[in-house]
Protein chains: 2
Amino acid sequence: MKFSKMFIPTTKETPNDATLPSHQFLLRAGFISQTGAGIYDYMPLGKIVLDKIRAVVKEEMDNSGANEVQFGFVTPLSLWEESGRATTMGNELLRFKDRKNSDYVLSPTNEEAVVNMVKNRITSYKDLPINLYQIYTKFRDEARPRFGLMRGREFLMKDAYSFHSSTEDLVREFNLMEETYKKVYTRLGLEFRVVEADSGAIGGSGSKEFHVLASSGEDTIVVCDSCDYGANIEAATRKPNAKDKLETIAIEKIETPNCKTIEEVSSFLNADAYYSMKAVIKNAIYENGSKIAVFFVRGIDELEETKACNSIGALELEDANEDDIIKAGLHAGYCGIVDLPKDVLVVVDSELKNDNNLVCGANEENYHLKCVDLTSIEGLKFADLISVKEGDTCACCGGKLSYTKGIEAGHIFQLGTKYSSAMNANFLDSNGKAQAFVMGCYGIGVSRLVAAVIEQNHDEKGCIWTKETAPFTVDIIVSNSKKEEEAQAGENIYNELKQAGVEVILDDRINARFGFKMGDFELIGFPYAVVIGKKLADGFVELVDRKTLEKTDIKIEDITAKILELIK
Amino acid sequence: MKFSKMFIPTTKETPNDATLPSHQFLLRAGFISQTGAGIYDYMPLGKIVLDKIRAVVKEEMDNSGANEVQFGFVTPLSLWEESGRATTMGNELLRFKDRKNSDYVLSPTNEEAVVNMVKNRITSYKDLPINLYQIYTKFRDEARPRFGLMRGREFLMKDAYSFHSSTEDLVREFNLMEETYKKVYTRLGLEFRVVEADSGAIGGSGSKEFHVLASSGEDTIVVCDSCDYGANIEAATRKPNAKDKLETIAIEKIETPNCKTIEEVSSFLNADAYYSMKAVIKNAIYENGSKIAVFFVRGIDELEETKACNSIGALELEDANEDDIIKAGLHAGYCGIVDLPKDVLVVVDSELKNDNNLVCGANEENYHLKCVDLTSIEGLKFADLISVKEGDTCACCGGKLSYTKGIEAGHIFQLGTKYSSAMNANFLDSNGKAQAFVMGCYGIGVSRLVAAVIEQNHDEKGCIWTKETAPFTVDIIVSNSKKEEEAQAGENIYNELKQAGVEVILDDRINARFGFKMGDFELIGFPYAVVIGKKLADGFVELVDRKTLEKTDIKIEDITAKILELIK
């Protein structure tokens, strides 16, 4: 391809709302163009990159034995009513009416569509397993679309759905998908981490996320410094923080005037915050209303909201306001585990189980309790609620845990029978008995990966594409295209590289100066440039490595061999 | 690929609403599945065919030098307001609001989006021409979605848009696109015809359609039996039907009681219908209301409504009802060209120009005029209004014209500056003067082609895919997969063909009988089957040609060579 024949509108202007490097550089280098909130056009270079990533995903999915399909992007709302998600998906599910006043949605995901496709078409365990995938447009009406391709509303995703006659077979496919995903990210040249994850709104029993490591990542992931353990902070666990158990003493109520925080109480009582209970009061939102919930963790721990939300099966948690708290009969700062109002939901962190001699609020203004023994309280619900901290101990190996930032670029789920049961999709097992399909689902954010590659690979001048994602591998820069001999040398090397199977673009623009062409090379981020300039008279061209910006003089007759060696 | 690993749910049931062979067979053979009115899922075989057609289109577009892009499928309504089409597109343009109450549409075509992409990014004639295309989802909220993939609401289209600094350069690209399209349809193995066309709602100065010939086609196309001329009936022209001019005599009003039709009047007056004027009264719909229009053609001709509509620049024509006619001061059956009410639109067919001695209504109940001389009436508007009939004479060569049926699978337009002017999209010409881009646009119905291939290539048993569109070229049918030696022979031939680069599928289903496998082969329509059955003991397999259903015994060691020879 030649620059003169391609639409590559680079610009020096950075839109105000573009804060992430990928957002800025993809816009400036002419890869994408915004048309609406969270909606982007792909210009020619952007389309090539998108298709390269799509092709790698397709190839590895096909290698895994999955079958490619394509669901309608516009889906009847009735399918979502069947599964129950018409009510639980909220505003992210964009709904509309057609000219006949029928209800439709723009698909954000396709569990319903795939169950509808397979239902009554696969009827026997003999036709299982099957894994159906598509790489197609999705729409999620995000409240705050931002960061360019990172969190768009219209986006390209690979979504796969597998059907099994047993959980064992689902686990086999789940592991195969994990391996398949690893191959995808490795081929794309990305540094990534597979971590344990929360299953969120999709549901199911187990899930893993694939994070592209980048300092701008929206997700905090917890990793171990000495083993392979990794988890999204929402799902991370640690070795319990165990101190000596104290003696059981009789419970005691004491006045703690104006001591509302753990620090104030601990200091006032001259006690170790480890032996205290921190109460976090939340408003839990359900489909049909809300409820006040109190979560207890150790004084030295923090609540992980996603875990808390999952522990009571709520749609989401909101901060409870003063009115809610008072109405529920609670006292902010003095909330404790003993004698809580009956209609308040209560969950205690598992690490507190069996603890005695604890300090907590007395459910009365200016009073706390000492020596509370949890084993003496009946009917308590325990769950993992804490947020793992840097420096905590790995539960797998005893190593130290630390934080890193990641971009979620893939997520795989063991769904089980959640959707097949809801939609009454069954097969006959080997005994002729009807069973709901056991399902898995597996997503890769294809358009998000375009941005993720750049978040991980850029410098202050622009993009640095990896070899497998670059729109072209080599940019031949003719310093002055008006000089016949430079232009001719450019054409010759261009043809030679093309012949050798190298993806190459020739910057043959007559009216562009060398500095402009070099600036475009750095901004667009092709892996290599071959500069044809003054040294041509001596038989040399300059090879530039985009990553290091190192320049090397190469004899013109050696350039093709050199490049072939570099890209192997 | 193996049948046992692929989701190919064939069925014997034909849905009631499926009347076209392609609709029936694509559903029955497990290519597609309907999810809503005019919305289809592609199952694995359907997805392969769709991608094969897409790949041919992409390759030929790339060869032509066009750049692939991708526009957002969801587009802000504001872009459509800029071009003016928000009001003219009617209900086919599906509109909706997002969670923030902003207006969007599902793109049915992308003239606005491409002008928006290029505007302010291409600023000089030096950067022209450029041709940008995409192969992406469209949505048209058809009043009557029908015929499966033929007239769906969500569909896949290749749409291209070119930008030029002159009309001459547009014509060059238009011709290049015509050649490119011919290559596409030829490679797909289709019988097709390029015809002159009406530009319809897209607008512009010239357009051609590409029709896949099939008896089920919705379009009537006029073709010449001795030259290359072809045109959609909506745009077809002929050599004027010329009879001797009569003597000019004084106009005369005569009573013609109860003679409302041309036949009645001609018979009553014992006159040649050729020398009479037929009036067709229509209600012409415009953006801001409607008007009564009267179109005059010869008594022996019929009005072509599309031509009539274009001649007065209306959005559409409706039949005028009795009330409308009376209100306009007209008399049905007695409407004539002399002294028509002033606020009625009038157009006369060009073939009547300069005619004299004509019969027409007297605009009075039960009266006609004789010897009307059109040259004596001032201010008449003439336009081509007639519908070409079979047997008419070709204007190009004098040959005979006849009708054939076609499926519109492509349409190319010389748009001119319609959209660039409306959206204020300019470039600087060589004199530094701002000019609106001269544009062309070029569409291919990719998903419609999936159906068109089958409309042209099927028999009563099922689909017959062409070589370039078949999901697999060869189906190896193991008669009885429980027989070890047959299964093994199947695997061997499968591996050998795969090695040789043949796209092959192995019907290895253990529980399916031979008749069922053969039925699936015929219904799905792979070009060839290799049957491994009883003759295996003698070293033979059977080669079946799907088109002819001819069977030939081939020595097992020759089968790969034989197939390679067939598909060359």
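**Notes on the two-chain model**

1. Of the residues in chain A, A:Phe96 sits closest to the rotation axis, with its C-alpha at 3.0 Å. This is a predicted model, in which local features need pLDDT of at least 70, side-chain atom pairs count only at pLDDT 80 or more, and totals for chains, interfaces and linings use all residues. Residues are numbered from 1 along each chain as its sequence is written, chains are lettered from A and ligands numbered from 1 in the order in which they are written, and side-chain values use heavy atoms, leaving out hydrogens and water.

2. Now for the axis itself. Two copies of a chain are related by a rotation about an axis and a shift along it. Here, a rotation of 180 degrees with a shift of 0.0 Å along the axis puts chain A onto chain B, at an RMSD of 0.1 Å. The two copies are thus related as by a two-fold rotation axis. The superposition is by least squares on the C-alpha atoms of residues with pLDDT of at least 70 in both copies.

3. Which surface do the copies use to meet? They meet through the same surface, because 100% of the interface residues of chain A are also interface residues in chain B. In numbers, 57 residues of chain A are in contact with 57 residues of chain B (contact means heavy atoms within 4.5 Å).

4. The area buried between chain A and chain B comes to about 4600 Å², and carbon and sulfur atoms give 53% of that.

5. Strand β7 (residues 130–139) of chain A gives the largest share of the side of chain A that touches chain B, five residues. By class, that side of chain A has 30 nonpolar, 11 polar and 16 charged residues. For the classes, Ala, Val, Leu, Ile, Met, Phe, Trp, Tyr, Cys and Pro count as nonpolar, Asp, Glu, Lys and Arg as charged, and the others, Gly among them, as polar. Helices (H or I, at least four residues) and strands (E, at least two) are DSSP runs, numbered from the N terminus.

6. How many salt bridges cross the interface of chain A and chain B? The rule finds four, taking a side-chain nitrogen of Lys or Arg within 4 Å of a carboxyl oxygen of Asp or Glu. B:Lys47 and A:Glu68 meet in a salt bridge at 3.8 Å, N to O. There is also a network of salt bridges that links A:Lys47, A:Asp51, A:Arg54, B:Lys58, B:Asp62 and B:Glu68.

7. Over all chains, the structure holds 86 salt bridges. One to look at is A:Lys208 with A:Glu178, where the closest N and O atoms are 2.9 Å apart. This pair links distant parts of the chain, 30 residues apart: A:Lys208 is in strand β10 (residues 206–213) of chain A and A:Glu178 in helix α6 (residues 167–187) of chain A. A:Lys208 counts as partly exposed at 23% relative accessibility, whereas A:Glu178 counts as buried at 9%. Buried means under 20% relative accessible area, exposed over 50%, and partly exposed in between (1.4 Å probe, protein chains only).

8. In chain B, have a look at B:Arg238 and B:Asp301, whose side chains meet in a salt bridge at 2.9 Å, N to O. B:Arg238 is in the loop between β12 (230–232) and β13 (252–255) of chain B, and B:Asp301 is in the loop between β15 (289–298) and α8 (305–311) of chain B, 63 residues apart. Both B:Arg238 and B:Asp301 are buried.

9. Finally, some backbone geometry to check by eye. The peptide bond from A:Leu128 to A:Pro129 is cis, with omega near -5 degrees, and A:Pro129 is in the loop between α5 (111–118) and β7 of chain A. In chain B, the bond from B:Leu128 to B:Pro129 is cis with omega near 0 degrees. B:Cys371 is not a glycine, yet its phi is positive, near 60 degrees; B:Cys371 lies in strand β19 (residues 367–372) of chain B and is buried, at 7% relative accessible area.

Key: Buried area = accessible area lost by both parts, 1.4 Å probe.
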